[in-house]
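Work through the exercises below with the sequence and the 3D structure at hand. Each task is followed by a worked solution.

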Amino acid sequence: IDYMITNSSVPPSQVVMGMPGYGRSFTMVNKTCMSLGCPFREDSNETAIGGCLDTTGFVPFVEIHAWAEEGQGKGYDSITVDLTTYSAVMVKDEDQLISFH
């Protein structure tokens, strides 16, 4: 990063750090408690939605974006923002919670 800022024409205001390329997914215990801090199933690592890479618990951002583009009711159930963590929280298939930035 130091090299990029001091030895190139990239202004520091245009350097983005920590931009995730995935969301973390969980299978929730109770469909009426679908936000960060709610309990998730102990077997969530085996049951959580995994996206196109078939890796349970992790969903590529490109797939999250595609679901968002499909719209509420088709691609996802709801999207909210957790104001404590500033994470976006998508609910899909009634019991899948996906947290992403």
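Predicted model: local features only at pLDDT ≥ 70, side-chain atom pairs only at ≥ 80, totals over all residues.

**Exercise 1.** Determine how many salt bridges a search of the whole structure finds, and which residues form them.

Solution. The search returns two salt bridges. In one, Glu-94 pairs with Lys-31, with the closest N and O atoms 3.3 Å apart. Glu-94 sits in the loop between β4 and β5, and Lys-31 in the loop between β1 (22-27) and α2 (44-47), so this pair ties together parts 63 residues apart in sequence. Lys-31 counts as exposed because its relative accessibility is 51%, and the cut-off for exposed is over 50%. Another salt bridge joins the side chains of Arg-41 and Asp-43, at 2.9 Å from N to O. Arg-41, at 32% relative accessibility, is partly exposed; Asp-43, at 29%, is also partly exposed.

**Exercise 2.** Find what the side chain of Lys-92 meets, given that Lys-92 has no salt bridge.

Solution. Start with the location: Lys-92 belongs to strand β4 (residues 87-92) and is buried. Next, look for an opposite charge. The nearest such side chain is that of Asp-93, 4.2 Å away, whereas a salt bridge requires a distance within 4 Å. Then check the backbone: a polar atom of the Lys-92 side chain lies 2.8 Å from the backbone oxygen of Gly-75. Contacts of Lys-92 beyond four places in sequence include Ile-49, Trp-67 and Ile-98.

**Exercise 3.** Decide whether Ser-99 is buried or exposed.

Solution. Ser-99 lies in strand β5 (residues 96-100). Its relative accessible area is 15%, so Ser-99 is buried, the cut-off being under 20%. Among the residues Ser-99 touches are Leu-36 and Ala-88.

Conventions: Residues numbered from 1 in each chain as written. Heavy atoms only, no water. Helix = DSSP H or I, 4+ residues; strand = E, 2+ residues; numbered from the N terminus. Buried < 20%, exposed > 50% of the residue type's maximum accessible area, 1.4 Å probe, protein only. Lys, Arg positive; Asp, Glu negative; His and termini not counted. Polar contact = N/O pair within 3.5 Å; in protein donor to acceptor, adjacent residues only side chain to side chain. Contact = heavy atoms within 4.5 Å.
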